[in-house]
Amino acid sequence: MSQPPSDYYSWLRQNHPTIPPPFAALRQHVLNRDGGICRYCDAPATEVDHVYPKSKGGPDAEWNLVASCTLCNLIASDTVFPSFEAKRAHIWMTRYVRSYYY
Ligand SMILES: [Zn+2]
């Protein structure tokens, strides 16, 4: 029986083509797609956000991922919103409109 090579992901994809590429590649693709800018506040993005939360069943798919800064991702947490615009509005109000909560 042959040993798996040191590049384990390449070996897996050749032998099990249905296994998706590692999340790191998708993450970098989404960051590049959005120009490295947070889609919620236009600050430099440092991470990717699941628009529909991963903890609620949102997939690791390109359509469900946007570039995000740490603060916007933190505010959104795992709340489910009816649309991307609603989520963006909630984050924007939380960050910039004091009267939204007080
Ligand atoms: Zn942001």
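In what sense do strand S1 and strand S2 pair, and over how many bridges? The two strands, S1 (residues 47–50) and S2, run antiparallel to each other and are joined over 4 bridges. Strands count as paired here if DSSP finds at least two bridges between them. One of the bridges links His50 with Leu65 in S2.

A word on the model itself comes next. This is a predicted model, where local features need pLDDT of at least 70 and side-chain atom pairs count only at pLDDT 80 or more, while totals for chains, interfaces and linings use all residues. Residue numbers start from 1 along each chain, as its sequence is written. The pLDDT score is the predictor's confidence in each residue, from 0 to 100. For this chain the average comes out at 87, and 85% of the residues score at least 70.

Overall, the chain has 4 helices and 2 strands. These are DSSP runs numbered from the N terminus, with helices (H or I) of at least four residues and strands (E) of at least two. Going along the sequence, the pattern reads α-α-β-β-α-α. Two residues are in contact if their C-beta atoms, placed from the backbone, lie within 7 Å. Taking contacts between residues at least 6 apart in sequence, 45% join residues at least 24 apart.

Now for the inside of the model. A residue is called buried if 20 or more other C-beta atoms lie within 10 Å of its own, exposed if 12 or fewer do, and partly exposed in between, with C-beta atoms placed from the backbone. By that count, 18% of the 102 residues are buried. In soluble globular proteins, nonpolar side chains tend to be buried together. A nonpolar core is a set of buried Ala, Val, Leu, Ile, Met, Phe, Trp, Tyr and Cys residues joined through C-beta atoms within 7 Å. The largest one here has 13 residues, and those with the most contacts inside it are Val30, Cys38, Val48, Val66, Ala67 and Cys72. Strand S2 (65–68) and helix H3 (70–76) each supply at least two residues of this core, and the largest share, 3 residues, comes from S2.

Ala67 counts as buried because it has 23 C-beta neighbours inside 10 Å. Beyond its neighbours within four places in sequence, Ala67 has contacts that include Val30, Ile37, Cys38 and Val48. Asp34 is 33 residues away from Ala67 along the chain, yet their C-alpha atoms are separated by 6.0 Å. Val30, for its part, touches Val48, Glu62, Leu65, Val66 and Ala67, leaving out residues up to four places away in sequence.

Some residues sit at the other end of the scale. Most residues other than glycine have a negative phi. Asp42, in the loop between H2 and S1, has a positive phi of about 70° although it is not a glycine. Ser77, in the loop between H3 and helix H4 (84–96), also has a positive phi, near 45°. Asp42 is exposed, with 9 other C-beta atoms within 10 Å, and Ser77 is exposed with 8.
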